[in-house]
Amino acid sequence: MLAAIVEAPGKVSVTTVPDPTPGPREVVVSVASCGLCGTDLHILQGEFAPTLPLVPGHEFAGEIVGVGRDVTELAVGDRVAVDPSLHCHECRYCRSGRGNLCERWAAIGVTVSGGAAEYAVAPVANCVKLPEHIDVRDAALIEPLSCAVRGYDVLSSTLGAEVLIYGSGTMGLMMLELAKRTGAAGVDILDVNPERLATAGRLGCSRSAAGADELDRPAGWDVVIDATGNAAAIQDGLGRVAKGGTFLQFGVADYATTAVIEPYRIYNQEITITGSMAVLHSYERAAALFAAGVLDPAVFISDRLPLDQYPQAIDRFKAGIGRKIVVEP
């Protein structure tokens, strides 16, 4: 089969590799689409402790073309989206229901071969069957949506909150859509990319700007979300949280990224600083929201490239062009 391979830090290619074989409780998925995200750039940089070479791709969906001998829940021909999370179910975090913090954390497309290929293997327990009205080529959006759902689980947002989001890429826009549906009174978005800001306006943000000073809110925002992973954005966002408010680190920063906090202000103004890590009990809910139309795939997916152009797709994503970029075998 054809697959993208991260051969070494900074080096990615497309080549032919052996077709996968399912284990007893696994299925083989013929990949219809696979999304790119910031995690893929970190893997290309040699971060997230991947063992290279690796077939990337943790956002994917497709049709089952093979099943292991003990699989009864799904059958050949079923269309599924795949939760990439692989938890050990044995460590203290897994036993306490916090599998996303698993001491042996692993994920399809991050630590084992993923969906940037013609075929991918996944545990049957990780597959969510798609309803007939869903285009399987759009269902790669379910995984990033499940991360956004996890982010809102962490926030436990209250009705009437004023929300500020840094970044109007795919994840920032997903957080916008969820904020609108969780009772926010207003959702403002910041980005230095005018095209992306225009998309945020199209989706109904309250205000948009290149910088927070343009929005004239000296009291700050009840909820501030960083969806960039950018050090300057994070630092600025920490200073924009209102008294009693919450800062959510949602974007994935480089390992070396640092920010300065003001302990007295955090204490005196009862500010919460928190983070959300990937997917946790949120994939099925994201699939249900997606099926209900919470996202418009035509807005979110800006580029569809053939699998053999994976290196070009990565370059396009790295340059900040478009929104969600998917590759399709």
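User: Strands (E, at least two residues) and helices (H or I, at least four) are DSSP runs, numbered from the N terminus. In this predicted model, between which strands is the place of Ala 116?

Analyst: The model is predicted. Strand β7 covers 106-107 and strand β8 covers 119-123. Ala 116 falls in the loop between β7 and β8.

User: Is Ala 116 buried or exposed?

Analyst: A residue counts as buried when its relative accessible area is under 20%. The relative accessible area of Ala 116 is 0%, so this residue is buried.

User: Which element gives the most to the largest nonpolar core?

Analyst: The largest nonpolar core has 47 residues, and Ile 142, Leu 145, Ile 165 and Ile 225 have the most contacts inside it. Among the elements that each supply at least two residues of this core are α3 (142-155), β10 (162-166), α4 (170-181) and β13 (221-226). With seven residues, the element that gives the most is α3.

User: How many charged residues does the lining of the largest cavity have?

Analyst: The structure holds one cavity of 30 Å³ or more, and about 40 Å³ of space lies in the largest cavity. Its lining consists of Tyr 152, Ser 157, Thr 158, Ala 161, Val 163, Ala 179, Thr 182, Gly 183 and Ala 184. By class, five of these residues are nonpolar and four are polar, and the number of charged residues is none.

User: Which elements give two or more residues to the lining of the second largest pocket?

Analyst: The second largest pocket has a volume of about 360 Å³. Of its 19 lining residues, Asp 83, Ser 85, His 87, His 89 and Asn 126 are the closest to its centre. The elements giving two or more residues to this lining are β6 (85-86), β9 (127-129) and α8 (283-291).

User: How do the residues of the lining of the second largest pocket divide by class?

Analyst: Asp, Glu, Lys and Arg count as charged. For this lining, the division is nine nonpolar, eight polar and two charged.

User: Over the face of which residue does Arg 92 lie?

Analyst: Across the whole structure, the search for aromatic pairs finds one. As for a charge over a ring, Arg 92 is placed at 4.8 Å from the ring centre. The residue whose face lies under Arg 92 is Tyr 93.

Note on methods: Residues numbered from 1 in each chain as written. Predicted model: local features only at pLDDT ≥ 70, side-chain atom pairs only at ≥ 80, totals over all residues. Heavy atoms only, no water. 1 Å grid on protein atoms, 1.4 Å probe; cavity = no way out; pocket = protein on both sides within 12 Å on 5 of 7 lines; lining within 4 Å. Points joined across faces, edges and corners; volume = space filled by probe spheres on them. Phe/Tyr/Trp six-rings, centres within 6.5 Å; stacked < 30°, edge-to-face > 60°. Lys NZ or Arg CZ within 6 Å of the ring centre and 35° of its normal. Core = buried A, V, L, I, M, F, W, Y, C linked by side-chain atoms within 4.5 Å. Buried < 20%, exposed > 50% of the residue type's maximum accessible area, 1.4 Å probe, protein only.
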